[in-house]
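Work through the exercises below with the structure open. Try each task before reading its solution.

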Amino acid sequence: MSYKIGLVGKPSVGKSSFFNAATMNDVPEGAYPFTTIDPSIGEAYVRVDCAAPEFDETCTPNTGFCSHGTRYVPAKLVDVAGLIPGAHEGKGLGNQFLTDLNEADVLVHVVDFSGETDIEGEATEGHDPRDDIDFLEDELDMWYLEILEKGIERYRGGYDGDEKHIEEDLAEQMSAFKIDKDRMKQVILAEGLELDPETWDADERESLAREIRKRTKPMVIAANKMDKPVAQSNYEEVTADPDYDHLTFVPASAHAEKALKNADEAGIVEYDAGDATFDIVGDVAGTQDVPAGSRDGNRPANVSEEQEAGLEQIREFVEAYGGTGVQAALEAALFDELGCIAIFPGSANGKKDEKGVFRDCFILPEESTTEDFAYHLHSDIGDGLLHGIDCRSGRQIGSGHELGHRDVVEILTTN
């Protein structure tokens, strides 16, 4: 399966800039509402330590790429339409936003931590980022509550004589959120509620909707524009607030990430996406008769003093925060919030595929087994599964063996 990471948030906070920095696409950017009208889908990457060096091999990726021992594995990134208060009531682009949002497995909420955009996405000063976090969670909770209420009505409208199970009706009504009846029952009981909606008051229904939302639409906060001092001050205050302990925060600067990737492509710096440092490799302006930012034959790009000063400011930020945060936010969403694992297909006897070695790296759900991996590769492989082999130890593993992150596994099958 291919996971989709959804970028959400109010207009003008830098979602499109974040999307472009992660995918290097050319989605329009602008400091005005609704820059993004239709959802943009691009290929971003999450980092996994490549297994090939452990086997004295150099990988030949079929998808993505590998750089300095780090495998960049593709993941779909969706930049959905700007959200404004009242979206669950259809205001602004609300209905389209919610439809697009539901395609995402996990959310990255891009928040302007500089406080320079108000709740509507208009320019301002001193706006509290917590208001943005609250309003998005409230909008999603109200959306979930409306659908939950329809499920309760569905339950009430059941035929007399039929055995009624509220978790079944709610799960069917909310199936678009990928929740089944067993998981629904688990959430209801975890909230301390009876399996009878007639005993739930309004506050309990709202609390239940919120808990279902948290479990089916996990979220990471990308604290954007953190290269500004005011954003750093806001970050310290918000992350120290216990009301937000349930959220994962990643300090980020989409602007810095895009600038570094552009500079790397121009030969000005050497930079791998997500790294906590970079090297300026271009020549300082004036040392060559070449315009700044350009190349001449095999010589490095020329770097103006202004460019060098800008890059040094970015260096100060990335070294202080361990990177620009764009890669870290995507990886926190996929690996920390969803709990996904990366699995490499391998060969326990060292036999090499004529097309290359370590060509694939797959992202699987947490708690995936050998059998799950076999079926992920192909239904015929799963149908004929005999067992797997842990390629590091050479040990045989059964169909129900739970795999771990970065396992290298060979599948033996009759098909």
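## Exercise 1: two cysteines

The sulfur of Cys-59 has its closest cysteine sulfur in Cys-66, 3.6 Å away, which is too far for a bond. The model is a predicted one.

Solution. 
- Step 1. Start from Cys-66: its closest cysteine sulfur is that of Cys-59, at 3.6 Å.
- Step 2. Apply the cut-off: a disulfide needs the two sulfur atoms within 2.5 Å. The Cys-66 sulfur is therefore too far from that of Cys-59 for a bond.

## Exercise 2: a loop residue and its partners

Task: locate Phe-55 and list the residues it touches beyond its sequence neighbours.

Solution. 
- Step 1. Find the element. Phe-55 sits in the loop between strand E2 (40-49) and strand E3 (65-67).
- Step 2. Classify the residue. Its relative accessible area is 26%. Buried would require under 20%, so Phe-55 is partly exposed.
- Step 3. Collect contacts, leaving out residues up to four places away in sequence. Phe-55 touches Phe-358, Cys-391, Arg-392 and Val-408.
- Step 4. Take one partner and compare the two separations. Phe-55 and Arg-392 are 337 residues apart in sequence, and their C-alpha atoms are 8.5 Å apart in space.

## Exercise 3: aromatic geometry

Task: count the aromatic pairs, then classify the pair Tyr-45 and Phe-65 and the pair Phe-317 and Tyr-321.

Solution. 
- Step 1. The count is eleven aromatic pairs.
- Step 2. Take Tyr-45 and Phe-65. The ring centres are 5.2 Å apart and the planes stand at 70°. An angle over 60 degrees counts as edge-to-face, so this pair is edge-to-face.
- Step 3. Tyr-45 is in strand E2 and Phe-65 in strand E3, 20 residues apart, so the pair links distant parts of the chain. Phe-65 is partly exposed, at 35% relative accessibility.
- Step 4. Take Phe-317 and Tyr-321. The centres are 5.2 Å apart and the planes are at 35°, so the pair is tilted.
- Step 5. Phe-317 is buried, with a relative accessible area of 5%. Tyr-321 is partly exposed, at 27%.
- Step 6. Look for a cluster. Tyr-45, Phe-65 and Tyr-72 form one aromatic cluster.
- Step 7. Arg-315 lies over the face of Phe-278, at 4.5 Å from the ring centre.

## Exercise 4: a covered strand

Task: describe the cover of strand E5 (residues 106-112) and name the strands it pairs with.

Solution. 
- Step 1. Count the buried residues. Seven of the seven residues in E5 are buried, so the strand is mostly covered.
- Step 2. Val-106, Val-108, Val-110 and Asp-112 are buried on one side. Leu-107, His-109 and Val-111 are buried on the other.
- Step 3. Find one neighbour. Strand E1 (residues 4-8) pairs with E5 in the parallel sense over four bridges. Gly-6 has Leu-107 as its bridge partner in E5.
- Step 4. Find another neighbour. E5 and E6 also pair in the parallel sense, over six bridges. Asp-112 has Asn-224 as its bridge partner in E6.
- Step 5. Follow Asn-224. This residue is in strand E6 (residues 219-224). Asn-224 is buried, with a relative accessible area of 3%.
- Step 6. List some of its contacts beyond four places in sequence. Asn-224 touches, among others, Val-13, Gly-14, Asp-112, Phe-113, Ser-253 and Ala-254.

## Exercise 5: the whole chain

Task: summarise the secondary structure, burial and contact range of the protein chain.

Solution. 
- Step 1. The chain has twelve helices and 16 strands.
- Step 2. Of its 415 residues, 49% are buried.
- Step 3. Take the contacts between residues at least 6 apart in sequence: 66% of them join residues at least 24 apart.
- Step 4. The accessible surface comes to about 19,200 Å², and 43% of it belongs to carbon and sulfur atoms.

Methods:
Residues numbered from 1 in each chain as written. Predicted model: local features only at pLDDT ≥ 70, side-chain atom pairs only at ≥ 80, totals over all residues. Heavy atoms only, no water. Helix = DSSP H or I, 4+ residues; strand = E, 2+ residues; numbered from the N terminus. Buried < 20%, exposed > 50% of the residue type's maximum accessible area, 1.4 Å probe, protein only. Contact = heavy atoms within 4.5 Å. Phe/Tyr/Trp six-rings, centres within 6.5 Å; stacked < 30°, edge-to-face > 60°. Lys NZ or Arg CZ within 6 Å of the ring centre and 35° of its normal. Areas by Shrake-Rupley, 256 points an atom, 1.4 Å probe, with all protein chains shown as cover. Pairing = 2+ DSSP bridges.
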